[in-house]
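Please brief me on this protein model.

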Amino acid sequence: MYKSCHIVQHGLCFFDIMLASCCFSPVDQIEGQVPPVLYPDYKGQVMSKEELFERMKKYTSVFKNGGCPKECETCYHIEEKDWSEEQYIDYITITHFSKCNADCIYCSNNTMVDSRTNDTYEIMPVLKSFKEQGIIKKSCELHIGGGEFTIYKECDELLELFAVSDFARVFVPTNAIKYSDMLFRAMNEATTYIIVSLDCGSRKLYKKIKRVDAFNQVMKSLEKYAATQKSKDAIRLKYVIIPTINDNINEFKKFLKIAKHLGVKNLVIDIDARYSRMTNFNIDEYFIDLADRMNKLALKQKFITEFFSFLLQNKNNKEANGMNWLKRIYKKIYFRYFDKEICDLYMHHCYGMNRTLYGEE
Ligand code: SF4
Ligand code: SF4
């Protein structure tokens, strides 16, 4: 029995320039903190099982000896239990591409619009090799980060390899501007979930937030993605409250109308992370009240709601400890928790976002 973390034992995160255990660590709440790096200067190199687990030992052995790697300090993923010595991977994150066909005002990558690229290494050879070597477990979770997955060159192959053929659980944030038939198949035939940040219910506001005039296109894609009951259930529609832009209940009502029209039950409500940072997490009561009103309205209409936040993952964060806005939100808002199995769904491309769980009332 010792303290460690499932991801350091069994996880991989593919960045554009390195291979790491996870992408939970490089959150901007701790300046300069990097994730546990397994392979610096990584460009898709294939390696043997022995080499991979030898590299992972750099961190797992620290935990095993009662310590904690500095990269993992304060991480909420650490837990104490009997850790198996079995060598396998069942938690993969892919975030080595960054191109997107939208330009959301809140995107963590929107300062590098011109340099966002899909011109990155191919990931299929290494994943196929890991599969052939028996490294990847059948029940593996695949989390997508980076840019817009549907325009990434290996999107279909990855879905085919993980979702459609192997029934791994795949979590895909997508803006739904481009419809992907393979993504629909993965949702409909396998265990793939998508999260779409719509943040509004009208074309005009969509254009203001996403900075592309693609509202009608997104509606068409969503209608196709929501074609069956199974695929409807695999969709989460998200509303990020963006101060001064969509922070009103009327826009949210339009958003609910769309969700109802699509038959999508699962909603996510959040607050723009830039605003939280700008105000040093002193979220104005107005937004907390607004989130509360939105949530009540959604629950009344039999939607299922969740709340995301990336603050809680970092125990160093004063906000996670003191009487902060999240706690104010907990006290105030009851969000119904719809899938106890899905504990670490990625919030839209932002590293380290953690879903906050709410018990049944
Ligand atoms: S930073 Fe957290 S999630 Fe990542 S390997 Fe360390 S303990 Fe695990
Ligand atoms: S938030 Fe997502 S959809 Fe929006 S610009 Fe960023 S990567 Fe693209």
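Where is the place of Asp 41? Asp 41 sits in the loop between strand E4 (37–40) and helix H2 (49–64). This is a predicted model: local features need pLDDT of at least 70, side-chain atom pairs count only at pLDDT 80 or more, and totals for chains, interfaces and linings use all residues. Residues are numbered from 1 along each chain as its sequence is written, while chains are lettered from A and ligands numbered from 1 in the order in which they are written.

**Overall fold**
- The protein chain has 13 helices and 13 strands. Both are DSSP runs numbered from the N terminus: helices are H or I with at least four residues, strands are E with at least two.
- Of its 361 residues, 43% count as buried. Buried means 20 or more other C-beta atoms within 10 Å of the residue's own, exposed means 12 or fewer, and partly exposed lies in between; C-beta atoms are placed from the backbone.
- Take contacts between residues at least 6 apart in sequence: 74% join residues at least 24 apart. A contact needs C-beta atoms, placed from the backbone, within 7 Å.

**Positive phi**
- Asp 41 has phi near 50°, a positive value in a residue other than glycine. Asp 41 counts as exposed because it has 9 C-beta neighbours inside 10 Å.
- Ala 176 also is not a glycine, and its phi is positive at about 65°. Ala 176 lies in the loop between strand E8 (169–173) and H5. Ala 176 is buried, with 25 other C-beta atoms within 10 Å.

**Ligand 1**
- Ligand 1 is surrounded by 14 residues. The closest are Cys 5, Val 8, Cys 22, Cys 72 and Cys 75. A residue counts here if its C-beta atom, placed from the backbone, lies within 6 Å.
- This shell holds 10 nonpolar, 3 polar and 1 charged residues. Ala, Val, Leu, Ile, Met, Phe, Trp, Tyr, Cys and Pro count as nonpolar, Asp, Glu, Lys and Arg as charged, and the others, Gly among them, as polar.

**Helix packing**
- The axes of H4 (residues 155–164) and H5 (residues 181–189) come within 9 Å and cross at roughly 10°. Axes are lines fitted to C-alpha atoms, for helices over the stretch in contact, and angles run from 0 to 180 degrees between N-to-C directions.
- H4 is therefore roughly parallel to H5. Angles under 35 degrees count as roughly parallel, over 145 as roughly antiparallel, 65 to 115 as roughly perpendicular and the rest as oblique.
- The contact of H4 with H5 has 7 nonpolar, no polar and 4 charged residues.

Conventions
Two residues are in contact if their C-beta atoms, placed from the backbone, lie within 7 Å.
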